[in-house]
Amino acid sequence: MITNNSFPVKKVPPCCVQDFENNARKVLPHSVLDYYQSGSCGQHTLRNNQESFNKLRIRPRCLIDVSKRDTSTEVLGFKVKVPIGVSPSAMQKMAHPEGEIGNARAVGSIGSIYILSTLSTTSLEELARETSNTIKWFQLYIYKDRNLTIDIIKRAEKAGYKALVLTVDANVFGVRYADARNGFQMPSHLQFANFIGSNVSKLNSELGSSGLKLYTDLLFDDRISWNDVEWLKTITSLPIVLKGILTVEDALKAVEYKVAAIMVSNHGGRQLDTAPSSIEALPEIVNAVGDKIEILFDGGVRYGTDVFKALALGAKMVFIGRPALWGLAYNGEKGVRKLLEILISEFRTTMGLAGCNCISDIKRDMIVHESYYHKL
Ligand SMILES: Cc1cc2nc3c(=O)[nH]c(=O)nc-3n(C[C@H](O)[C@H](O)[C@H](O)COP(=O)(O)O)c2cc1C
Ligand SMILES: CCCCCCC(=O)C(=O)O
């Protein structure tokens with residue numbers, strides 16, 4: 001690029017998550033960008049996921065030697081180097097040809113956990129073969145066809161996935177205006193790679209409707225209930241994680257049903273609009289279930305300070321959804337790795353500035369709502 005006064009200007013590399021998002025806005029096709037970025041209805045929950053983080057204040061402690069900070073922790077018995085993983089998102093090859101493999105390799109390089117979506121554009125077997133260094137969990141959508149559902153669980157077990165993540169906030173498809181307007185379709189060169197050769201590997205098209213909505217309305221089981229959590233336990237010995245818990249009532253049920261973990265999540269604001277932000281929902285859930293179950297978190301994590309806040313409020317580990325897609329769009333595996341390294345570096349800095357040397361130093365009383373300082 002040449003400026004008016006002829007000084008060549010170098011392309012500035014991204015230095016925060018927002019920079020990756022800005023780049024994705026420029027390079028992704030319109031309907032792909034809309035599918036990735038949008039929330040449901042008025043997108044209140046989508047916005048609130050990030051805004052609620054900004055309303056929390058960190059109370060730092062000073063004059064503590066932080067020269068040997070350690071970000072490692074343990075989740076479901078797995079040692080991770082950092083408490084930041086990648087949540088499942090569908091159709092990652094729309095962001096970059098390396099798709100799920102690039103994403104999962106990047107996660108492996110930082111020693112963390114990658115969750116593969118049922119609706120991936122890479123088959124679970126290929127991903128397992130290509131990313132042996134990454135801890136992988138498999139996210140499950142329950143199809144009306146239970147044989148198909150059982151089959152994919154068995155395949156995930158056989159391929160070495162270490163946990164089954166049942167998404168519980170998507171029994172019906174959220175209202176997504178942009179996808180309806182765009183008549184969202186998966187590009188014709190891509191397929192749902194876990195189902196190649198079957199009649200559920202592609203989206204159907206219809207004017208004025210999202211192809212994904214038509215697909216899920218037709219094929220996903222909207223009768224799923226707590227009985228299906230029991231049912232899953234008869235099929236798999238993998239630890240079960242319930243993704244999409246937002247209330248104390250459901251968190252307590254998850255304890256009663258003896259699942260391994262819950263993920264506090266609102267699906268990135270894509271399902272029930274005006275549901276609480278994930279970080280708003282977290283504290284009361286933590287208070288109610290204590291350490292009876294591991295609590296994971298996603299939704300709106302964009303800064304190292306967000307990771308710190310979620311951990312202080314009781315999450316064992318956080319996951320990111322869209323930011324990993326922005327990393328992919330920037331430069332495949334290398335892009336995701338760069339984004340994760342930036343987030344980790346911000347988190348380490350936050351730990352240092354707050355006076356924390358390890359994850360267990362990050363305490364509940366270090367976080368207050370902004371209203372705490374508005375009392376006078
Ligand atoms: C484009 C896109 C596709 C998604 N696909 C899935 C999916 O297949 N399964 C699932 O459980 N969650 C899915 N999610 C939700 C994410 O796992 C995650 O909960 C959410 O993105 C977290 O919020 P964040 O994007 O603010 O980090 C998807 C999210 C996005 C943005
Ligand atoms: C019934 C909801 C299915 C959505 C499938 C993909 C996804 O999770 C997302 O787009 O969000």
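Trainee: What is the mean pLDDT of the chain, and what share of its residues reach 70 or more?

Mentor: Where pLDDT is low, the predicted coordinates should not be read in detail. The mean pLDDT (the predictor's confidence in each residue, from 0 to 100) of this chain is 96, and 97% of its residues reach 70 or more. This is a predicted model, in which local features need pLDDT of at least 70, side-chain atom pairs count only at pLDDT 80 or more, and totals for chains, interfaces and linings use all residues. Residues are numbered from 1 along each chain as its sequence is written, while chains are lettered from A and ligands numbered from 1 in the order in which they are written. For the complex, the predictor gives an ipTM of 0.99 and a pTM of 0.97.

Trainee: Which residues surround ligand 2?

Mentor: A residue is near a molecule if its C-beta atom, placed from the backbone, lies within 6 Å of it. Around ligand 2 these are A90, L119, A170, F173, L212, T216, F220, H267 and R270.

Trainee: How many residues surround ligand 1?

Mentor: The count is 23, with S87, S89, S117, G268 and G321 the closest.

Trainee: How do α12 and α13 cross?

Mentor: Two packed helices are described by the angle between their axes and the distance between the axes. Helices here are DSSP runs (H or I, at least four residues), numbered from the N terminus. Axes are lines fitted to C-alpha atoms over the stretch in contact, with angles from 0 to 180 degrees between N-to-C directions. The axes of α12 (residues 304-312) and α13 (residues 322-354) come within 7 Å and cross at roughly 60 degrees.

Notes: Helices (H or I, at least four residues) and strands (E, at least two) are DSSP runs, numbered from the N terminus.
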